[in-house]
Amino acid sequence: MQAKSWKLLPGLRGSLVALALAAPAAGAATDEAALEVLNPIAVMEVQRVVQVPRLRTLDGKRVLLYSNAKINSDVAVREIQTHLAQRFPTAQFRIVAGTGWAPEPKFYDELMAWKPEAIIASTAD
Amino acid sequence: MARKNAALEERGVPTVGIVFNAFEMDFNSSARSVGVLHLPHVVAPRAYASLPPEEVKADVAKRLDEIIARLTTPLPKVEPGVLVEKITTQAGHQAPWGTVELGPIDQPSIRFTGTDYAAVHDQFQQKFLDWGWGDGMPLIPPTKERVEAMLMGTSRSPDTVLTNALLPARGIATVRLVAVQAVMAGARPEHFSVILAATQAMANVGPDFIIIAQTTSPMTPLFWVNGPIVREAGINSGMGSLGPGTQSRANIAIGRTARLVMMNIGGAYLGTKDMDTIGAADKFSLVTAEDDEELADLGWQPYHVSKGFKATDSTITIVNVVDHGHVAGMGTPEAEGVLLEIADDISKVGGVGGFERMSGGIVMLSGDTSRILTRAGFTTKESIGNYIASHIHGHKETYLKWYGHERGKSAYVETELARFDEDGVIRGVSPQNITVLRVGAHAGKDEFYRHGNYATTVNIADWK
């Protein structure tokens, strides 16, 4: 049995109603039918980011704790700072309260101005 | 948060994020879409926002070793270069019908065979939904012939790139690929230039489009069309223009295509990047229009003319909206009564009681209300918008009831508290927060959509 493609009437293209009209009556068709459709999926292209090596220790490091303004994110980062300060007494800490919105580039410049060596962020979501 | 951490990694700082487990897929996928293949994070079992502060503290303490480890454990090696990937639904994700299948993403076309038309058609419907490539409603099969017919709706080459990074997943949107979505949504070639302009508008919103497409709130684009194209393309500006109904078939097809573009090109798949907690029917399609003749009768300026376009231009405008309200107008035939009702409604949750950028909206006025307002001296849309904006109000006492301190006080709350005057009241918002449209039939029913941020208008002539 040879496969055959089916087509709608050109004037009825793109309509759910047309689709129903173009279909043979139930049980009428016995030939093998085929339908070929285009793939709707896009491609993305992006430069891979080569991340810097991780730290050996947090001892003596500048650790920035970032709260993204979600409720309790500030609670979380303050608690993390308390624990880390006990474990790494020579580390320096700074808490920054940010925004849940998409930030402007200057936001990153402001964070980087403190020259953080590690950043801990809370929370998603 | 993934994008912020990824941006900081790109600037050379090791990071670790705390992620609620339901958002881990979103976190990883978002990082990948900006080229960060291994974004360190620890997973919390519950969203911190929904826990008492003491439980947040206890959970953080449990995760401390892991947080330290993520900052000090070497990452897998990554070679520099271009990462090329298809936008996917993250196969393996659990859905109500089972596990999401990974579709044949690398095949340019997909062939279904069966014993008869019905079997083949059923296969197409079933598989496209199983692969996550639809909005849940039946799709029109995007055959080559139908896509070619759709492409007749524009003079632009099928290979024209509208954007090389539609957010949130940064998919490349070509005219051809948008045509595939348009066919699936049931659009016709005469709608296609509007659809392309809508896609351009979504891209032109910029980084804030993430807020529309990738959030736990039911945010969605609202589009409206102005100019001669409204009548040329059969776009409904009258009764029930936002649908449903056959009168609004063009509106629905355009809006539905926009949603499929957001999904299959922008990657805003539910559970992958669209993290909407409950969802909203508005997200299927939300397209309306203003009618030039109606506006001329009222003496009101079309929206696009107020933004510097010529009356003969055809445009589509996108804004972000989150929910809507209805003003029945029953018993309030006075003009000011209608406007005060709208102002009061916008003042509720999500208005001044929310955040600064949410204190506004798109006000859609019906024929009868528009005439009542005109007779009462509101002879311009601007005068109506100014009146509504000046009567939006908030009260600190109410605000603290809603966003009080029991679960902790976020930076949002701090910012918002600073906006109340010494009497604990906010009186009015910027008139720019209110956009007035003349939409719908000749009856006294009006609607408004909250927020209305990121307004972006595109000239449809660029895509004809």
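User: Start with B:D65. Which residue does it form a salt bridge with?
Analyst: B:D65 forms a salt bridge with A:R87, and the closest N and O atoms are 2.7 Å apart. A salt bridge here is a side-chain nitrogen of Lys or Arg within 4 Å of a carboxyl oxygen of Asp or Glu.

User: What should I know about the model itself?
Analyst: This is a predicted model: local features need pLDDT of at least 70, side-chain atom pairs count only at pLDDT 80 or more, and totals for chains, interfaces and linings use all residues. Residues are numbered from 1 along each chain as its sequence is written, chains are lettered from A and ligands numbered from 1 in the order in which they are written, and side-chain values use heavy atoms, with hydrogens and water left out.

User: Back to that pair. Where do A:R87 and B:D65 lie?
Analyst: The A:R87 to B:D65 salt bridge has its closest N and O atoms 2.7 Å apart. A:R87 is in helix α2 (residues 73-87) of chain A and B:D65 is in helix α4 (residues 64-72) of chain B, so the pair joins two chains. Helices (H or I, at least four residues) and strands (E, at least two) are DSSP runs, numbered from the N terminus.

User: How many salt bridges are there between chain A and chain B?
Analyst: The count between chain A and chain B is 3. Over all chains, the structure holds 25 salt bridges.

User: And how much area do chain A and chain B bury?
Analyst: About 8,600 Å² between them, with 65% of it on carbon and sulfur atoms. Buried area is the accessible area (1.4 Å probe) that two parts lose on being put together, summed over both.

User: How many residues does the contact take from each chain?
Analyst: Chain A gives 78 residues and chain B gives 114 residues. Contact means heavy atoms within 4.5 Å.

User: New topic: helix packing. How do α6(B) and α7(B) cross?
Analyst: Helix α6 (residues 144-151) of chain B and helix α7 (residues 175-185) of chain B have axes that come within 9 Å and cross at roughly 110°. Axes are lines fitted to C-alpha atoms, for helices over the stretch in contact, and angles run from 0 to 180 degrees between N-to-C directions. α6(B) and α7(B) are therefore roughly perpendicular to each other. Angles under 35 degrees count as roughly parallel, over 145 as roughly antiparallel, 65 to 115 as roughly perpendicular and the rest as oblique.

User: Which residues meet there?
Analyst: From α6(B), B:R146, B:V147, B:M150 and B:L151 meet B:V175, B:R176, B:A179, B:V180, B:A182 and B:V183 of α7(B). By class, this contact of α6(B) with α7(B) has 8 nonpolar, no polar and 2 charged residues. Ala, Val, Leu, Ile, Met, Phe, Trp, Tyr, Cys and Pro count as nonpolar, Asp, Glu, Lys and Arg as charged, and the others, Gly among them, as polar.

User: What about α7(B) and α8(B)?
Analyst: Helix α8 (residues 192-204) of chain B and α7(B) have axes that come within 10 Å and cross at roughly 115°. The contact uses B:V175, B:V178, B:A179 and B:A182 of α7(B), with B:F192, B:I195, B:L196 and B:T199 of α8(B). Those residues of α7(B) and α8(B) split into 7 nonpolar, 1 polar and no charged.

User: At what angle do α14(B) and α16(B) pack?
Analyst: Helix α14 (residues 335-346) and helix α16 (residues 381-391), both of chain B, pack at about 50°, their axes 8 Å apart. α14(B) and α16(B) are therefore oblique to each other.

User: Now the backbone. Which peptide bonds are cis?
Analyst: One is from B:L167 to B:P168, with omega near 10°. B:P168 lies in the loop between β7 (161-166) and β8 (171-174) of chain B. Another cis peptide bond joins B:G243 and B:P244, where omega is about 0°. B:P244 is in the loop between α10 (229-232) and α11 (249-264) of chain B.

User: What is the phi of A:K115?
Analyst: A:K115 has a positive phi of about 55°, although it is not a glycine. A:K115 sits in the loop between α3 (105-112) and β6 (118-124) of chain A.
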